[in-house]
Amino acid sequence: MTFSVAAVCPESGEIGFAVTTSSVCVGARVGAAVAGRCVVFSQARTDPRLHRTGLAAYLAAGDADAALAAMQAAATAPHWRQLGVLGQDGTARHFTGASCLPSCGGLAGDHALALGNYLGSDAVLPAMIAALAEAAGRPLAARLIGALAAGLAAGGERDPLQSAAVKVYGAHDFPLTDLRVDRSAEPVAELAALWQDWEPKAAAYVTRALDPDAAPPSHEVEHGQPREGSA
């Protein structure tokens with residue numbers, strides 16, 4: 001009961017994913033990534049342990065096929081699992097077990113992968129891949145959230161959505177964007193609103209990590225102006 005999307009931006013090197021589902025706290029359970037390397041998914045009847053397996057296999061072999069094979073081999077009852085891998089080179093691989101809910105599967109795009117199960121229509125995955133391509137040039141997080149919105153407009157999933165998340169890595173080994181909506185009647189719209197708030201602040205928080213002496217104080221980051229009496 002989930003649909004998700006991963007993408008790589010060859011120009012910037014950013015890699016990330018977004019996901020939404022009809023249960024709570026999807027960001028705690030579905031999807032993982034390593035900066036400059038890959039994204040992996042375990043969904044349907046999710047096993048987050050498979051994320052570690054897939055990431056380790058990709059880091060060892062640098063190969064999406066090897067990562068997916070390792071996840072399948074490690075999976076308990078793989079017929080309940082929906083798995084995906086997207087490498088930094090744009091190679092996408094996916095697997096959907098025979099017991100997964102109907103109207104499910106995966107679709108590879110240009111440096112992109114869409115996955116879903118219990119979908120409302122067959123148009124959901126193509127809509128997400130098309131939305132990513134149409135938004136080329138925008139920040140990757142915005143493209144991923146837009147892809148979720150396109151999937152929702154194309155039919156979404158059969159039960160009402162409750163949670164959504166987006167995570168994007170750039171050149172550093174911490175995420176540039178890591179946003180979650182854990183319970184909401186409109187999680188994709190709320191995730192988009194969180195991104196609008198986060199986008200102008202993100203660079204300042206990278207500076208805080210890399211060069212704290214050069215970083216603006218918190219009140220300037222959050223409110224865009226110095227406190228009264230400060231220089």
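**Salt bridges, core and sheet**

User: What does Glu222 form a salt bridge with?
Analyst: Glu222 pairs with Lys201, and their closest N and O atoms are 2.9 Å apart. A salt bridge here is a side-chain nitrogen of Lys or Arg within 4 Å of a carboxyl oxygen of Asp or Glu. The pair joins distant parts of the chain, 21 residues apart: Glu222 is in helix H7 (residues 218-223), while Lys201 is in the loop between H5 and helix H6 (202-210). Helices (H or I, at least four residues) and strands (E, at least two) are DSSP runs, numbered from the N terminus.

User: Where do the numbers come from?
Analyst: This is a predicted model, where local features need pLDDT of at least 70 and side-chain atom pairs count only at pLDDT 80 or more, while totals for chains, interfaces and linings use all residues. Residues are numbered from 1 along each chain as its sequence is written, and side-chain values use heavy atoms, leaving out hydrogens and water.

User: OK. Is Lys201 buried or exposed?
Analyst: Lys201 is buried, at 8% relative accessibility. The cut-offs are under 20% relative accessible area for buried, over 50% for exposed, and partly exposed in between (1.4 Å probe, protein chains only). Glu222 is partly exposed at 35%.

User: Which other residue forms a salt bridge with Lys201?
Analyst: Asp197 does, with 3.0 Å between the closest N and O atoms. Asp197 is partly exposed at 42%.

User: Switching to the core. How many residues does the largest nonpolar core have?
Analyst: It has 31 residues, and Val5, Met128, Leu144, Leu148, Val166 and Leu191 have the most contacts inside it. Such a core is a set of buried Ala, Val, Leu, Ile, Met, Phe, Trp, Tyr and Cys residues joined through side-chain atoms within 4.5 Å.

User: Which elements supply at least two residues of it each?
Analyst: Strands E1 (2-8), E8 (112-117), E9 (163-169) and E10 (175-181) do, as do helices H3 (124-134), H4 (140-153) and H5 (187-198). H4 gives the most, seven residues. A second, separate core has 16 residues, among them Val8, Val30, Val39 and Leu86.

User: How do H3 and H4 cross?
Analyst: Their axes come within 8 Å and cross at roughly 145°. Axes are lines fitted to C-alpha atoms, for helices over the stretch in contact, with angles from 0 to 180 degrees between N-to-C directions. Residues that meet (contact means heavy atoms within 4.5 Å) include Met128 and Leu132 in H3 and Leu144 and Leu148 in H4.

User: And the sheet, what is the strand order?
Analyst: Six strands form an open sheet, E7-E8-E1-E2-E9-E10, with antiparallel pairing. Two strands pair if DSSP finds at least two bridges between them. Strand E7 (105-109) and E10 are at the edges with a single partner strand each, so one side of each has no neighbour in the sheet. On average, neighbouring strands are turned by 5° against each other, direction ignored.

User: Over how many bridges do E2 and E9 pair?
Analyst: Strand E2 (residues 15-21) and E9 pair over seven bridges, antiparallel. Ile15 stands opposite Tyr169 in E9. H5 packs on the sheet, touching E2, E9 and E10, and its direction makes about 145° with that of E10.
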